[in-house]
Amino acid sequence: MDQRDVKDTLYEQLARIGKAVSSPKRLELLDLLCQGEKPVDTLAGQADLTVKNTSAHLRVLRGARLVRTRREGQRVYYRLADEEVCSFFLSLRALAEKRLVELREVVRQYFTDPEQLTPLDRQALLDRVRRGAVTVIDVRPEEEYREGHIPGARSVPLRKLTGQLRSLPLDQEIVAYCRGPYCFLALDAVSFLRDHGYRARRLEDGVAEWKAAGFPVVRQEGALV
């Protein structure tokens, strides 16, 4: 091949990634898989897709080498090919937020808490957790908590929050987090807690953002990752 052919081939390969992530739903699936391995039916429910459509999107992502699979009985589980895929997604999101005023407006309208004027400082929060001065709750499903969570965080899935309300301290601030800045679970949890007299705030980070910032993440068995 001549030099032009070589360059065309190189950029054609790069374009495979661009084509794979050109779908909003495939981007959402990558975001969900940043939380850990999931079976197709779970991904379908969380992305509000049929299993058939979810499988089709995942095949595209797999064709671009962005995800991997394993089979357990009749169920097929998907995971990111490696941590760099999640880093790529976070970088893409950060670039979009910087360049697209339309995206920033949606975030401002739906994810900005008027009662939370300043973002939580990660190191300060971690120090408060270690001192027992704040209660951090992870409101994602339990299986995502087991895949990795912020040190000291309690697993209180949103669907179980009502039943576990009395176990949360009224005299201490509660910080809730979920899957990152575009996740509604923590927003709903904070609203519910405030309605019941708790001092509650939302941590914009999910585990992926927390880890990308260089802070430790704990797996269920207690190992730092």
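In which strand is Arg68 found? Select Arg68: the residue lies in strand 2, residues 67–72. Strands (E, at least two residues) and helices (H or I, at least four) are DSSP runs, numbered from the N terminus.

This is a predicted model, in which local features need pLDDT of at least 70 and side-chain atom pairs count only at pLDDT 80 or more, while totals for chains, interfaces and linings use all residues. Residues are numbered from 1 along each chain as its sequence is written, and side-chain values use heavy atoms, with hydrogens and water left out.

**Stop 1: the whole chain**

Show the whole chain. The chain has 11 helices and 7 strands. Its C-alpha atoms fill a box of roughly 70 × 45 × 30 Å along the principal axes. Of the 225 residues, 42% are buried; buried means under 20% relative accessible area, exposed means over 50%, and partly exposed is in between (1.4 Å probe, protein chains only). Contact means heavy atoms within 4.5 Å. Among contacts with a separation of 6 or more, 62% join residues 24 or more positions apart.

**Stop 2: Arg68**

Return to Arg68. Its relative accessibility is 44%, so Arg68 counts as partly exposed. Apart from neighbours within four places in sequence, Arg68 is in contact with Tyr77, Tyr78, Arg79, Leu80 and Ala81.

**Stop 3: Leu80 and the cores**

Select Leu80 next. Leaving aside neighbours within four places in sequence, Leu80 is in contact with Arg68 and with Leu30, Leu33, Cys34, Leu66, Val67, Val85 and Cys86. Which residues touch the most other members of the largest nonpolar core? They are Leu30, Leu58, Leu61 and Leu80, in a core of 24 residues. Helix 2 (24–33), helix 3 (40–47), helix 4 (51–63), strand 3 (75–80) and helix 5 each give two or more residues to this core. A nonpolar core is a set of buried Ala, Val, Leu, Ile, Met, Phe, Trp, Tyr and Cys residues joined through side-chain atoms within 4.5 Å. A second, separate core has 16 residues, including Ile137, Val139, Ala176 and Val190.

**Stop 4: two helix pairs**

Select helix 2 and helix 4. They pack at about 80 degrees, with their axes 10 Å apart. Axes are lines fitted to C-alpha atoms, for helices over the stretch in contact, and angles run from 0 to 180 degrees between N-to-C directions. The two helices are therefore roughly perpendicular to each other (65 to 115 degrees; under 35 is roughly parallel, over 145 roughly antiparallel, and the rest oblique). Lys25, Arg26, Leu29, Leu30 and Leu33 of helix 2 make the contact with Thr54, His57, Leu58, Val60 and Leu61 of helix 4.

Then select helix 5 (residues 83–99) and helix 6 (residues 101–111), which pack at about 100 degrees with their axes 5 Å apart. This makes helix 5 roughly perpendicular to helix 6. Here Ala96, Glu97, Lys98 and Arg99 of helix 5 meet Val101, Leu103, Arg104 and Val107 of helix 6.

**Stop 5: Glu173**

Finish at Glu173, in the loop between helix 9 (161–164) and strand 6 (174–177). Is Glu173 buried or exposed? Glu173 is buried, with a relative accessible area of 11%. Not counting residues up to four places away in sequence, Glu173 touches Arg128, Val134, Thr135, Arg199 and Arg201. With Arg128 there is a polar contact between side chains, at 3.0 Å. A polar contact is a pair of N or O atoms within 3.5 Å; within protein, one must be able to donate a hydrogen and the other to accept it, and residues adjacent in sequence count only if both atoms are side-chain atoms.
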